[in-house]
Amino acid sequence: MSKCFMFIFVSILAAMTCAQTPDLLRQSPAPGRPPIAPRKTSPPADPNKFAIIINGASGEAAYGRQFALWTSDLSAALTDRFGFARDRIRILTEKPADETAARATAEEVKRTFASLKSELNANNAVFVFLIGHGSWDGKEAKFNLVGPDLSATEYANLISLLPTNRIVIFNMASASGEFIKSLSAKGRIVITATRSGQEVNATRFTEFFVAALGATDADADQDGHISVLEAFAYANRMTAEFYARAGRLATEHALLEDNGDGIGHDRGEGGDGLLARVTYLDSLNVEQAAANATTAKLMRERTRLEGEIEQLIGRKLVFSETEYEAALEKLFIELAKVNRAIKQSGS
């Protein structure tokens with residue numbers, strides 16, 4: 001696999017305990033965090049992008065405050081920096097402050113996905129963010145909600161009913177690594193804060209992921225746009241550095257899975273990272289594309305390449321591993337070039 005798809009981060013082997021540690025979240029952010037880029041004028045809202053943010057049961061007041069802050073900061077970043085329309089963002093929280101949010105219960109989660117199903121079409125993109133605690137009993141992983149929890153399998157069933165393949169899932173809770181097996185699918189990106197269900201301590205990944213959305217150095221290729229892979233790599237690196245600076249054994253190790261094989265990696269390797277590299281949190285909206293013939297042509301080319309990638313992934317078993325990865329890499333390089341041209345035309 002070409003080195004251009006590899007992102008290096010600090011890997012710290014951890015000794016893990018089963019008790020959560022509230023003092024971890026009460027610490028002030030680690031010093032030396034890269035500067036946040038000045039906020040630009042809010043981009044035009046793109047009606048084709050949807051987001052679901054679920055802020056689950058906190059268990060303790062300190063966690064509740066932290067989760068609420070991360071949820072608020074994430075929602076603001078999506079609307080102010082990345083062109084998400086406010087009416088396209090669904091927020092479920094432990095304690096809704098007003099009518100713009102619903103309570104994070106299993107029934108409300110099911111109702112939210114059912115409602116979204118009726119609004120989506122094949123061209124839409126959906127981003128799902130889970131912020132909170134998770135659990136794993138050795139057989140089944142769950143995300144903690146107010147009242148009964150939902151399992152990874154139940155989330156997979158809800159997501160599979162959405163009429164679009166453009167789905168990115170960020171489970172940033174403890175024990176989230178087990179969700180990869182259930183949520184993995186062709187054309188889907190899954191990111192988890194931990195590498196297994198045994199990493200049950202409260203996570204810090206969310207803090208650094210939200211920071212990535214405004215950090216000047218999160219845009220690794222300096223094209224003016226942050227890809228899902230860039231945000232993941234930044235948050236992963238900053239999380240590892242946090243534990244190293246604090247002199248703690250890391251109790252979370254994030255994973256990314258985007259080639260549908262159900263096996264996540266901590267960087268762009270093993271076939272993972274290619275789709276995330278060319279998937280952006282910001283995008284050109286329909287009006288901008290229609291106003292520019294060159295851009296419209298590029299977007300048709302992007303659709304063609306995405307179709308070829310989907311077909312190749314579906315025929316993976318007929319190739320040797322080397323042939324498959326070489327063909328997939330070639331298509332993704334072409335797609336990356338087209339995506340960059342589209343981004344530049346809309347800058």
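Angles under 35 degrees between two axes count as roughly parallel, over 145 as roughly antiparallel, 65 to 115 as roughly perpendicular, and the rest as oblique. Axes are lines fitted to C-alpha atoms, for helices over the stretch in contact, and angles run from 0 to 180 degrees between N-to-C directions. Helices (H or I, at least four residues) and strands (E, at least two) are DSSP runs, numbered from the N terminus.

This is a predicted model: local features need pLDDT of at least 70, side-chain atom pairs count only at pLDDT 80 or more, and totals for chains, interfaces and linings use all residues. Residues are numbered from 1 along each chain as its sequence is written, and side-chain values use heavy atoms, with hydrogens and water left out.

**Stop 1: H3 and H4**

Select residues 106–119, helix H3, and residues 152–160, helix H4. They pack at an angle of about 20°, with their axes 9 Å apart. H3 and H4 are therefore roughly parallel to each other. Their crossing is right-handed. (A crossing is left-handed if the near helix is turned anticlockwise from the far one by less than a right angle, and right-handed if clockwise.)

Now show the side chains. H3 brings Val109, Lys110 and Phe113 to the contact, and H4 brings Tyr155, Leu158 and Ile159. Contact means heavy atoms within 4.5 Å. By class, this contact of H3 with H4 has five nonpolar, no polar and one charged residues. (Ala, Val, Leu, Ile, Met, Phe, Trp, Tyr, Cys and Pro count as nonpolar, Asp, Glu, Lys and Arg as charged, and the others, Gly among them, as polar.)

**Stop 2: the seven-stranded sheet**

Keep H3 in view. It lies across S1, S2, S3 and S4, and runs at about 175° to S2. Next, colour the open sheet of seven strands, in the order S3-S2-S1-S4-S8-S9-S10. Its pairing is mixed. (Two strands pair if DSSP finds at least two bridges between them.)

Strand S3 (101–103) and strand S10 (255–257) stand at the edges, each with a single partner strand, so one side of each is left without a neighbour in the sheet. Neighbouring strands here are turned by 15° against each other on average, direction ignored.

Zoom in on strand S1, residues 49–55. Seven bridges join S1 to S4, and the two run parallel. Select Ile53: which residue is its bridge partner in S4? The partner is Phe129.

**Stop 3: an aromatic pair**

The structure holds 10 aromatic pairs. (Rings of Phe, Tyr and Trp, its six-membered ring, pair if their centres lie within 6.5 Å; planes under 30 degrees apart count as stacked, over 60 as edge-to-face and the rest as tilted.) Select Phe84 and Phe127: their ring centres are 5.5 Å apart and their planes stand at 75°, so the pair is edge-to-face. This pair links distant parts of the chain, 43 residues apart. Phe84 is in the loop between helix H2 (61–80) and strand S2 (89–93), while Phe127 is in strand S4 (residues 125–131).

**Stop 4: the three-stranded sheet**

Move to the open sheet with the order S5-S6-S7 and antiparallel pairing. Strand S5 (134–136) and strand S7 (150–151) are the edge strands, and each pairs on one side only. S5 and strand S6 (residues 141–143) pair over three bridges in the antiparallel sense. Click Trp136: its bridge partner in S6 is Ala141.

**Stop 5: H6 and its two partners**

Select H2 and helix H6 (residues 205–212), whose axes come within 10 Å and cross at roughly 20°. H2 and H6 are therefore roughly parallel to each other. The crossing is left-handed. Trp70, Asp73 and Leu74 of H2 meet Thr206, Glu207, Phe209 and Val210 of H6.

H6 passes H7 in a right-handed crossing. The contact includes Phe205 and Phe208 of H6 and Phe232 and Met238 of H7. Its residues divide into 11 nonpolar, two polar and no charged.
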